[in-house]
Amino acid sequence: MTKASDHIVLVTGAGAGIGAATARRFASEGARVIAVDYQKDRLVETANGFENLMLCLALDLRNSDAVFSAVADLPDEFKDITILVNNAGVGPGLEPAHKAQLADWEAIVDTNIKGVLYCTRAVLPGMVERERGHIVNISSTAATNNYKGGNVYGGSKAFVHQFSLN
């Protein structure tokens with residue numbers, strides 16, 4: 001049985017909420033953690049007390065080049081990622097579809113869908129090559145339960161669910 005200290009874990013959306021709690025929990029068990037958020041200052045609190053185990057990266061998951069470069073340029077002690085937690089997500093706007101802001105929809109698709117795709121594609125080949133790894137994709141009850149104004153957000157989380165199944 002492996003111990004947490006045998007793992008290198010990349011957690012997206014690690015600046016707050018579930019992502020921060022996940023990053024801190026893995027670090028508290030001895031795992032080396034790559035904490036990713038689009039705002040580096042949000043990662044300061046996440047890393048507090050775990051600075052020796054946590055590498056904090058400010059990274060825009062909507063930018064495929066940035067994601068692939070960040071993974072390729074990791075320091076040697078963080079390169080062999082064994083667990084990827086695709087947690088980052090956004091959900092701006094609650095307007096009905098005919099009144100929604102296109103920029104809100106684009107932010108949701110670019111972060112919640114493309115971010116998962118880019119991170120998975122950047123990390124998965126190394127896992128396959130090493131024959132070791134797990135990917136955890138955080139979705140939402142919005143994937144199967146609609147709510148007023150959740151049109152594109154719910155669709156993005158349904159994508160994450162289906163992508164995970166496949």
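**Figure 1. Packing of helix α3 against helix α4 in a predicted model.** The axes of helix α3 (residues 64-72) and α4 come within 9 Å and cross at roughly 30°. Because angles under 35 degrees count as roughly parallel, α3 and α4 are described as roughly parallel to each other. Their crossing is right-handed. On the α3 side, the contact is made by S64, V67, F68 and V71, and α4 contributes Y118, C119, R121, A122 and V123. Classified by type, the residues of this contact of α3 with α4 comprise seven nonpolar, one polar and one charged.

**Figure 2. Crossing of helices α1 and α2.** Helix α1 spans residues 17-28 and helix α2 spans residues 40-47; their axes come within 9 Å and cross at roughly 40°. The two helices, α1 and α2, are therefore oblique to each other. In passing α2, α1 makes a right-handed crossing. Residues A20, A23 and R24 of α1 meet E45, T46 and A47 of α2 in the contact. By class, three nonpolar, one polar and two charged residues form the contact of α1 with α2.

**Figure 3. The largest pocket and its lining.** The space in the largest pocket amounts to about 430 Å³. Its lining consists of 22 residues, and Y38, A88, G89, V90 and T111 are those that lie nearest the centre of the pocket. At least two lining residues are supplied by each of α1, α4 (102-130) and α5 (151-165). The lining of the largest pocket divides by class into 11 nonpolar, six polar and five charged residues.

Definitions and conventions:
Residues are numbered from 1 along each chain as its sequence is written. This is a predicted model: local features need pLDDT of at least 70, side-chain atom pairs count only at pLDDT 80 or more; totals for chains, interfaces and linings use all residues. Side-chain values use heavy atoms; hydrogens and water are left out. Axes are lines fitted to C-alpha atoms, for helices over the stretch in contact, and angles run from 0 to 180 degrees between N-to-C directions. Helices (H or I, at least four residues) and strands (E, at least two) are DSSP runs, numbered from the N terminus. Angles under 35 degrees count as roughly parallel, over 145 as roughly antiparallel, 65 to 115 as roughly perpendicular and the rest as oblique. A crossing is left-handed if the near helix is turned anticlockwise from the far one by less than a right angle, and right-handed if clockwise. Contact means heavy atoms within 4.5 Å. Ala, Val, Leu, Ile, Met, Phe, Trp, Tyr, Cys and Pro count as nonpolar, Asp, Glu, Lys and Arg as charged, and the others, Gly among them, as polar. On a 1 Å grid over the protein atoms alone, a cavity is a set of points where a 1.4 Å probe fits but cannot get out, and a pocket is an open set with protein on both sides within 12 Å along at least five of seven lines; lining residues have an atom within 4 Å of a point. Grid points are joined across faces, edges and corners, and a volume is the space filled by probe spheres set on the points.
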